[in-house]
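Subject: A structure for you to look through

Hello,

Here is the structure I promised to pass on to you. Please open it beside this email, and then read on for what turned up in it.

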Amino acid sequence: MAADRPWHRTYVIALAAVIGGALAYALADWGGWTRATYDPYRDRWSWRSGATPTIGINYYGGLVWGLGGALVGGALGALASRWPWARAATARGLLAAWAFTSVALAGAYYWWSLWPL
């Protein structure tokens, strides 16, 4: 195995955070998880699950889920990066591929949910 550099650990943690954030962001909508919803007409925040029946904006709640998923993913990446095999070039390449794939799948899910445009 090549020399282990300091940026390898940071790279693994960042990729795990991207994967966790993308998954949590998309799964919160797909699974109908409870989210923070802002109602601009009543100037009120509420917790709602499922689809938003009124004009409420649940985007902020989705961002909170995504941030939480990124934090959990980063923590798991920090744990996994303690092992040398997790910082190997093949593992880093696989994590990078999963990070791109998770962002692409989350984006495709939201694009598909707009169908038919």
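Ala-24 sits in helix 1, which covers residues 6-30. Helices here are DSSP runs of H or I with at least four residues, strands are runs of E with at least two, and both are numbered from the N terminus. Please keep in mind that this is a predicted model, in which local features need pLDDT of at least 70 and side-chain atom pairs count only at pLDDT 80 or more, while totals for chains, interfaces and linings use all residues. Residues are numbered from 1 along each chain as its sequence is written, and side-chain values use heavy atoms, with hydrogens and water left out.

Is Ala-24 buried or exposed? Ala-24 has a relative accessible area of 10%, so it counts as buried. The cut-offs are under 20% for buried and over 50% for exposed, with partly exposed in between (1.4 Å probe, protein chains only). Leaving out residues up to four places away in sequence, Ala-24 touches Trp-33, Trp-65, Gly-66 and Gly-69. A touch, or contact, means heavy atoms within 4.5 Å. Ala-24 and Ala-106 are 82 residues apart in sequence, yet their C-alpha atoms are 9.2 Å apart in space.

Now for the rest of helix 1. Its 25 residues should span 36 Å at 1.5 Å a residue, and because its end C-alpha atoms are 37 Å apart, the two values agree. The expected span is 1.5 Å times one less than the number of residues. The buried residues of helix 1 include His-8, Val-12, Leu-15, Ile-19 and Ala-24. What do the buried residues of helix 1 pack against? They pack against strand 1, helix 2 (59-80) and helix 3. After helix 1 comes Gly-32, which has a positive phi near 65 degrees.

Helix 3 is worth a look next. It has 25 residues and reaches 36 Å from its first C-alpha to its last, close to the 36 Å expected. Its buried residues are Ala-91, Arg-92, Ala-96, Ala-99, Ser-102 and Ala-106, and helix 1 is among the elements that cover them. An α-helix has 3.6 residues a turn, so residues three or four places apart point the same way.

- Arg-92 is in helix 3 (residues 89-113). Its relative accessibility is 14%, so Arg-92 counts as buried. Not counting residues up to four places away in sequence, Arg-92 touches several residues, including Trp-7, His-8, Tyr-11, Val-12 and Leu-15.
- Arg-87 is in the loop between helix 2 and helix 3. Arg-87 is buried too, because its relative accessible area is 14%.

Where does Asp-43 lie? Asp-43 is in the loop between strand 1 (35-39) and strand 2 (44-48). Asp-43 has a relative accessible area of 57%, so it is exposed. Its phi is positive, at about 55 degrees, although Asp-43 is not a glycine. Most residues other than glycine have a negative phi.

Ser-113 lies in helix 3 and is partly exposed, because its relative accessible area is 43%. The C-alpha atoms of Ser-113 and Ser-46 are separated by 23 Å, with the two residues 67 apart along the chain.

Finally, step back to the whole chain. The protein chain holds 3 helices and 2 strands, in the order α-β-β-α-α from the N terminus on. Its C-alpha trace spans about 60 × 30 × 20 Å along the principal axes. Of the 117 residues, 30% count as buried. Among contacts between residues at least 6 apart in sequence, 60% join residues at least 24 apart.

Enjoy exploring it!

Best wishes
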